[in-house]
Amino acid sequence: MSESLLQVQNVEKYFPIRGGLLFREVARVSAVNDVSLEVKLGETVGLVGESGCGKSTLGRVIAGLYKASSGKVIFNGHDMANLSKAQLREQSRNIQVIFQDPYESLNPRHAVGYILEEPFLIHRMGTSAERRKWVDELLDTVGLPADAKSKYPHEFSGGQRQRIGIARAIALKPKLIVCDEPVSALDVSIQSQIMNLLIDLQRDRGLAFLFIAHNLSVVKHCSDRIAIMYLGRIVEFADAHHLHERPLHPYSQALISAIPVPDPTIEPSRHILEGEVPSPANLPSGCHFHTRCPFAQERCRTDVPPLRDMKLKGEFHQVACHFAGEVSFAKLPSLIK
Ligand code: SF4
């Protein structure tokens, strides 16, 4: 699991705010700000952050649903911006998306059989009989009965609809699936079933996942590496177990302290961050986190901390904090005991 599949290099994505008589750009919402990230073949990378931090936008840039404002997305050795239409179509087979809301992502006017056959039709694959057989196999793979193909999305529960979304995502045998909060709209009892299905599919098919979530506990057990995102930037990227054992960025420390501990004998020590997340239309200077960081110093207000390699105990660990390794909530009195 060492070959690189996806490289995101210094990607920025902003959305213009237009106004005035001539509808000119008057400001920008910066959703993704100079992000670099790598996903290896067969690897699961968790991408975690609060709502509005830019993680879904980054996922959509990687999947080709949004064009990056600057920077590169290199997939399978190809710079996605330099591909011809035909090459882009071929490469797009290898990157699929599972969306958060399985109902909104399925066309309610089409029966499930057509929804699952559509990717093959778009890519002109197989005869009619072959496509029917592939649809039956997909339904079986995701644990749905064969008669599901004659039904419509509204006839299924939320968990079943997400299974249909997963079946569609794996139809073309992609190498990478961007899972954009695939379980956050589901009941807790269903979440674990869908997570287990995704983990089984990854094991059986050698898939790589970019698993986007706002809840660190969702990605904790399924990720090889986890990237923490705050206001458009990656602030920490590390091996999953290493991040949990020794988070170095204050924001990661606060997120990890918020994970419930299923042991009543352990007294939780939560680090509550004060203040609101600033607007992406008016980003703070220097370190984006300085307005909420209890360790902020003068330098944090002016200098952007680069994502630098910490190489602790030889493991992969990158952190964007001027004082990484020195700052810890353990050195502050806990705000809630
Ligand atoms: Fe806090 Fe400064 Fe580190 Fe940013 S760079 S996380 S403000 S200590």
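**Ground rules.** The model is predicted, with local features needing pLDDT of at least 70 and side-chain atom pairs counting only at pLDDT 80 or more, while totals for chains, interfaces and linings use all residues. Numbering runs from 1 along each chain as its sequence is written, and side-chain values use heavy atoms, with hydrogens and water left out.

**Ligand site.** I started with what surrounds the ligand. The residues around it are H249, P250, C287, F289, H290, C293, F295, A296, C300, C321, H322 and F323 (a residue is near if one of its heavy atoms lies within 4 Å). I then sorted this shell by type: nine residues are nonpolar, three are polar and none is charged.

Where does the ligand sit? I found it in the largest cavity. On a 1 Å grid over the protein atoms alone, a cavity is a set of points where a 1.4 Å probe fits but cannot get out.

**Cysteines.** I looked for disulfides (pairs of cysteine sulfur atoms within 2.5 Å) and got zero. C222 is in none, and its nearest cysteine sulfur, that of C179, is 8.2 Å away. Is C222 buried or exposed? C222 counts as buried because its relative accessibility is 13%. My cut-offs are under 20% relative accessible area for buried, over 50% for exposed and partly exposed in between, with a 1.4 Å probe and protein chains only. C300, one of the residues around the ligand, is at 8%, so C300 is buried as well.

**R225.** I placed R225 in strand β9 (residues 225–230). Helices (H or I, at least four residues) and strands (E, at least two) are DSSP runs, numbered from the N terminus. R225 has 4% relative accessibility and therefore counts as buried. I listed its contacts (heavy atoms within 4.5 Å), leaving out residues up to four places away in sequence: E38, V39, K40, E43, T44, V45, G46, F237, A238, D239, A240 and F316. D239 is 14 residues from R225 along the chain, with a C-alpha separation of 4.2 Å.

**Positive phi.** Most residues other than glycine have a negative phi. I noted two residues that go the other way. D34, not a glycine, has a phi of about 55° and lies in strand β2 (residues 24–40). At 43% relative accessibility, D34 is partly exposed. R124, also not a glycine, has a phi of about 50°. I found R124 in the loop between α3 (112–122) and α4 (128–141), and its 71% relative accessibility makes it exposed.

**Two leucines in loops.** L307 is in the loop between α10 (298–302) and β11 (308–309) and is partly exposed at 31%. Not counting residues up to four places away in sequence, L307 touches S36, I234, V235, E236, Q318, V319 and A320. From L307 to G20 I get 287 residues in sequence and 38 Å in space, C-alpha to C-alpha.

L283 is in the loop between α9 (250–257) and α10. Its relative accessibility is 24%, so L283 counts as partly exposed.

**E274.** I ended with E274, which also lies in the loop between α9 and α10. How far apart are E274 and D147 in space? They are 52 Å apart, C-alpha to C-alpha, and 127 residues apart in sequence. E274 has 58% relative accessibility and so counts as exposed.

Note on methods:
1 Å grid on protein atoms, 1.4 Å probe; cavity = no way out; pocket = protein on both sides within 12 Å on 5 of 7 lines; lining within 4 Å. Sits in = over half its atoms within 2 Å of the grid points. Nonpolar A, V, L, I, M, F, W, Y, C, P; charged D, E, K, R; others polar.
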